[in-house]
Amino acid sequence: MIANYGYKDGSGDYYISIDTDKCIECGANRACLTACPKGMFEIMTDDYDDEVAWIKAQFRKSLKYDCADCKPAAGYSSLPCTTACTPGAVKHSW
Amino acid sequence: MITAGIDMGSRSIKIVLLEDIKVEGAPQIKYDMKKPYLMMPGDLDMDKAAEIAFDSACKEAGVDKGSVKRVYATGAGRKQVTFAADSVTEMTAGAKGAVYMFPNVKTVVDVGAEEGRGIKADSTGKATDFAGNEKCAAGAGSFAEAMSRALQLSLKEFGEYSLRSDKTIPMNAQCTVFAESEVVSLIHSSTPKEDIAKAVLDAVASRVCAMVRRVGIEKDVVLIGGMVHNVGFVSSLKKALDVEELLLPEHPEYVAALGCALLAAETH
Amino acid sequence: MSAVMQQTTAPEKPEYWRWQENTWVDETMNWRDAKIVTCGIDVGSVSSQAVLVCDGKLYGYNSMRTGSNSPDSARNALQGVMDKCGMKLEDIHYVVGTGYGRVNVPFSHKAITEIACHARGANYMGGNKVRTILDMGGQDCKAIHCDEKGKVTNFLMNDKCAAGTGRGMEVISDLMQIPIAELGARSFDVDEEPPAVSSVCVVFAKSEALGLLKAGWTKNKVVASYCQAMAERVVSLMERIGVEKEFFITGGIAKNPGVVKRIEKIIGIEALKTEYDSQIAGALGAALFGYTLVQKGQAKQG
């Protein structure tokens, strides 16, 4: 399952997608949990009883602002969360 | 030579007229800023409104309209100023005006009615980078305005009420429309208006601050745009940016128009 | 603008956003004959539904406006349908809560997200060919892609921004003083289809709509323009998860043809028609999850 957390508003698209199929048997030892400087990731049991990462509810409506520190306006080459997730389950839409 | 800068904002039209003063032997050109002019276009068509505003601005400043050499426009409706020689973005105009007023400024925070943004400027007043909140009412003055309406306070009172609170109530809603219901439920739960006002302004400040961080916060930092008049917002923003000093221009809403007039004057 | 604001917030203002509440039970069935009776309760931000499922088949439902707190809304929604068929709480084997207030549903045995429940409910109502589900609720919008079993394969939710939600529709309904149920029909009563209002943001779209009225547009034309913007906005969300046949729409907005028909036109796929009230999809899915859980439990015991 591709789970998209975030939103789209007038200013743009701000989604972090998690490919749960790549996440169930995490090959990176749940590195996302510590990689994100704001600790936005969390492991939970989803509706189909799989243990996967998701974005904590309090961050889902403000990703544009919460992720801003990792994304300088002048451009970025790599994000801590996507770099840490070696199975490639985590993606940013912006 | 007289030049004009017209800032066609979403709510109001701001006009600045500049005349250069030649001082014998001085290395730099000095400018005399005439009395700035602001008009609410109301029901008028924007292109008509621009012309009426320009006529009135010249009259108010005692300048013969025919003697204005060059007009530049900025703002959301800049393309509607058909008589302008050229138009520049709000970032370009804002950075230019801010650096003219405060030569050591590196970071310009611009919060108007509909947009909030952080701009990085070099010593010549050129905008080198920016990050903003366009097209979403949550990151700008209109968010505070909608909430002040819900609290039945004027925008000015809203800021003053906020200063009297030392509480930090987080607001969950990020959208202006949803935040209105949140404010209403805070009112129903007897939360003091002071605390609600501060919660709202803290929320706008934190969003604006996140955008400024994207360009980097480098001293000196100046705040321009209509929200300078909101004392509560200024205080919340200063805290969020974590800076010792936040410069505030005397006529914050005219900075972009001034920048525009300067750019018109520097064109040869 | 402020003059209009005051006008629309006057105390004698009729509630233009209010949808009809309704209760239904399948008179051809008798719940007393069922082996397993399960219930799904969807407490949404605007409306709450209780659905009863007998042996995996939809039996009855009740839909009403959400009250000031989730537990009471859940209780009232359920009471409404139980009263209609003479059922008592102890006759129900399993209750699943879903929706915004799912964790606050009293007497519920489990809470499941509305994403999974909507997919499951749509799979029942629209059949196993349903792949794309759009749920436009009062304060959010969800786009879901699912497989033939009704299992979610891709989803997104937007509850941050009012654009593309029922709330965004209420704003235009209030502004135009047109009951929300009439907006759809009014939006088609225009000489030619206008372009969408350019602002996504509801706050800015509202000022834009006022400007269009001042410029001499008829109310219907402004509503059409707003519905088109709403449709474009929702389609842009759906495109992130991929739009595939069959297409099913749930939630309150399904009742607004002004938006639905425009969405269908943009994506080139017609939404499936259903004989049921599409607002019950979440609660129905929850009740079906409950049925599966009871079956699994019985299989283990047996």
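Visitor: Which residue stands opposite C:Gln49 in E4(C)?

Guide: The general idea first: two strands pair if DSSP finds at least two bridges between them. Here C:Gln49 stands opposite C:Ser63 in E4(C). E4(C) covers residues 57–65 and runs antiparallel to E3(C), with eight bridges joining the two. Bear in mind that this is a predicted model: local features need pLDDT of at least 70 and side-chain atom pairs count only at pLDDT 80 or more, while totals for chains, interfaces and linings use all residues. Residues are numbered from 1 along each chain as its sequence is written, and chains are lettered from A and ligands numbered from 1 in the order in which they are written.

Visitor: And those strand labels, what do they rest on?

Guide: Helices (H or I, at least four residues) and strands (E, at least two) are DSSP runs, numbered from the N terminus.

Visitor: How many residues sit between E3(C) and E4(C) in their hairpin?

Guide: Two residues, and C:Asp55 in that turn has a positive phi of about 50 degrees. E2(C), residues 37–43, pairs with E3(C) in the antiparallel sense over seven bridges, and C:Ile41 is found opposite C:Ala50.

Visitor: How many residues of E3(C) are buried?

Guide: The cut-offs come first: a residue is buried if 20 or more other C-beta atoms lie within 10 Å of its own, exposed if 12 or fewer, and partly exposed in between, with C-beta atoms placed from the backbone. Eight of the eight residues of E3(C), 47–54, are buried, so the strand is largely enclosed by the rest of the structure. In a regular strand the side chains alternate between the two faces of the sheet. For E3(C), both faces are covered: C:Ser47, C:Gln49, C:Val51 and C:Val53 are buried on one side, and C:Ser48, C:Ala50, C:Leu52 and C:Cys54 on the other.

Visitor: What is the strand order in the seven-stranded open sheet?

Guide: Read across, the order is E5(A)-E2(A)-E1(A)-E9(C)-E8(C)-E7(C)-E10(C), with mixed pairing. E5(A), 90–92, and E10(C), 247–250, stand at the edges with a single partner strand each, so one side of each has no neighbour in the sheet. Direction ignored, neighbouring strands are turned by 15 degrees against each other on average. Within chain A, E1(A) (residues 2–9) and E2(A) (residues 12–19) are antiparallel partners over eight bridges, with A:Ala3 opposite A:Ile18.

Visitor: Now helices. At what angle do the axes of H5(C) and H7(C) cross?

Guide: Axes are lines fitted to C-alpha atoms, for helices over the stretch in contact, and angles run from 0 to 180 degrees between N-to-C directions. H5(C), residues 180–188, and H7(C), residues 219–241, cross at roughly 105 degrees, and their axes come within 8 Å. That makes H5(C) roughly perpendicular to H7(C) (under 35 degrees counts as roughly parallel, over 145 as roughly antiparallel, 65 to 115 as roughly perpendicular and the rest as oblique).

Visitor: Which residues of H5(C) and H7(C) meet?

Guide: Contact is judged this way: the C-beta atoms of two residues, placed from the backbone, lie within 7 Å. C:Leu183, C:Arg186 and C:Ser187 in H5(C) meet C:Asn220, C:Val223, C:Ala224 and C:Cys227 in H7(C).

Visitor: How many residues of chain C are in contact with chain B?

Guide: 14 residues of chain C touch 13 residues of chain B. H6(C) gives the most to the chain C side, with four residues.

Visitor: Is B:Ser190 buried or exposed?

Guide: B:Ser190 is exposed, with 6 other C-beta atoms within 10 Å. Phi of B:Ser190 is positive too, near 60 degrees.
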